[in-house]
Amino acid sequence: MMAAAVSRFRGSLLGALLGDCIGAVFEGHTNVTKEFLFDYMKSLDKGERLKSVLTYTDDTAMARSIVQSILENDEFDVDDLADRFTTEYYRDPDRGYGMAVVHVFEKLASGEYKYVFSPAKEQFDGKGSYGNGAAMRVVGIPLAYPRIPDVIEYAKTSGMLTHASSLGYNGAILQALAVHYALQEELTPETFLDQLLDHMKEVETDKRSRSDALELEMDEFPYCNKLKKIKAFLAREDVTRKDIIKELGNGIAALESVPTAIYSFLRCLKPVPELPSELTNLQQTIAFCIMLGGDTDTIATMAAAIAGAYHGEEQIPLNWKLSAESYKDAEDWGEKLHQLYCKRLQST
Ligand code: F2R
Ligand code: MG
Ligand code: MG
Ligand code: MG
């Protein structure tokens, strides 16, 4: 296996950052108009936002903790990560965190829990959170680990710190695998989806995944079913915004957002006629996600993490990059993660 170019690692972190920063302007909107979005994007092109830097939200705050933990420890360390999530939350609690996840940080900070996973298990009367918080932050893991078993294990473990429902941590696994496969040279949507489906079949065969699906009154293999819907959508020319929202979702649950991010990335591999043709695929991906409304920061951050890993940083215009808070960290850390990835690739 060839190591991917450093541009893809930087592109993935910068894409994730910009998807979050730009998406956050529209989070929760139900009807994002083209005019408003395209004017906003034009103002970024012109550098009008350079003075009032676009701030990132909880999505990036938590993604930064994962990347910093891996880079500083040279390995995945779940206790260190729990500390970083908690410290970061108390350092800057107003980043728009999920309503329930803050209780996990409070419990972790209390010192009353022996095991770092226990607070997450108490969420939602013991059912655990199925929010998209585990998936939105996972990008650093596939950028640091080239082997699929590591990607799956660490995506799951990092997710379980806050999301004990399999719907939550399986979303993180799927998002991490999507970034992993986007890093691998050329892809076709068919092979990309088939590879994700193969892994998710195995992941969702697990007893906990089956019982969680039943308890939430859904069919078994919920992520596999969504991946099949994506396949069917990609074979059609007439899929509307309404269809995507209805069938894939645009909400705060991982199942209602990770598949949507993957579909948006794949759909924008070809230019989307209703989006400005001067936008690159990565910019179109962000615009496409935001047009869906709902959880725009999170869907855009996940889709752009995948798009950045595939298209590379060349697809991000300078003024967009310069508009985002802490963009230099994304560049620097992308380079460091690339080195770590290559080192691990050589030793396997
Ligand atoms: N929180 C937000 N957006 C809301 C407003 C932000 C705004 N900018 C502002 O500051 O005013 N966005 C962020 O939260 C999402 C990630 O959430 P996470 O980390 O998964 O948190 P949590 O609290 O665990 O879950 C989120 C909600 O999902 C529902 N939920 C989850 N599990 C559930 C269960 N088992 N049963 C019932 N409901 C469940 C709850 O409503 C949770 O509060 C991202 O969008 C990020 O951007
Ligand atoms: Mg957010
Ligand atoms: Mg340790
Ligand atoms: Mg969000």
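Two residues are in contact when heavy atoms lie within 4.5 Å. In this predicted model, residues 24 or more positions apart account for 74% of the chain's contacts with a separation of 6 or more.

The secondary structure of the chain consists of 19 helices and zero strands. The chain's radius of gyration is 18 Å, close to the 20 Å given by the globule rule for 348 residues, so the chain is as compact as a globular protein of that length. Further values for the whole chain are tabulated below.

| Property of the chain | Value |
|---|---|
| Span of the C-alpha trace along the principal axes | about 55 × 40 × 40 Å |
| Residues that count as buried | 59% of 348 residues |
| Accessible surface | about 14,600 Å² |
| Part of the accessible surface belonging to carbon and sulfur atoms | 51% |
| Distance between the mean positions of the 37 positive and 53 negative charges | 2 Å |

At the metal site, the magnesium ion (ligand 2) is coordinated by T57 through OG1 and by D58, D59 and D297 through OD, at 2.1 to 2.3 Å. Along the chain, the donors of this ion follow the spacing T-D-D-x237-D. D58 belongs to helix α3 (residues 58-73) and D297 to helix α17 (residues 296-311), so the pair ties together parts that are 239 residues apart in sequence. Both D58 and D297 are buried.

D297 also coordinates the magnesium ion (ligand 4), which lies 3.7 Å from the magnesium ion (ligand 2).

Key:
Residues are numbered from 1 along each chain as its sequence is written. Chains are lettered from A and ligands numbered from 1 in the order in which they are written. This is a predicted model: local features need pLDDT of at least 70, side-chain atom pairs count only at pLDDT 80 or more; totals for chains, interfaces and linings use all residues. Side-chain values use heavy atoms; hydrogens and water are left out. Donors are N, O and S atoms within 2.8 Å of the metal (3.2 Å for Na, K and Ca); water is not among the atoms, so sites may look incomplete. Helices (H or I, at least four residues) and strands (E, at least two) are DSSP runs, numbered from the N terminus. Buried means under 20% relative accessible area, exposed over 50%, partly exposed in between (1.4 Å probe, protein chains only). The radius of gyration is taken over C-alpha atoms; the globule rule is 2.2 Å times the number of residues to the power 0.38. Accessible areas come from the Shrake-Rupley method with a 1.4 Å probe; for residues, only the protein chains shown count as cover. Lys and Arg count as positive and Asp and Glu as negative; His and the chain ends are not counted. The place of a charge is taken as NZ of Lys, CZ of Arg, CG of Asp or CD of Glu.
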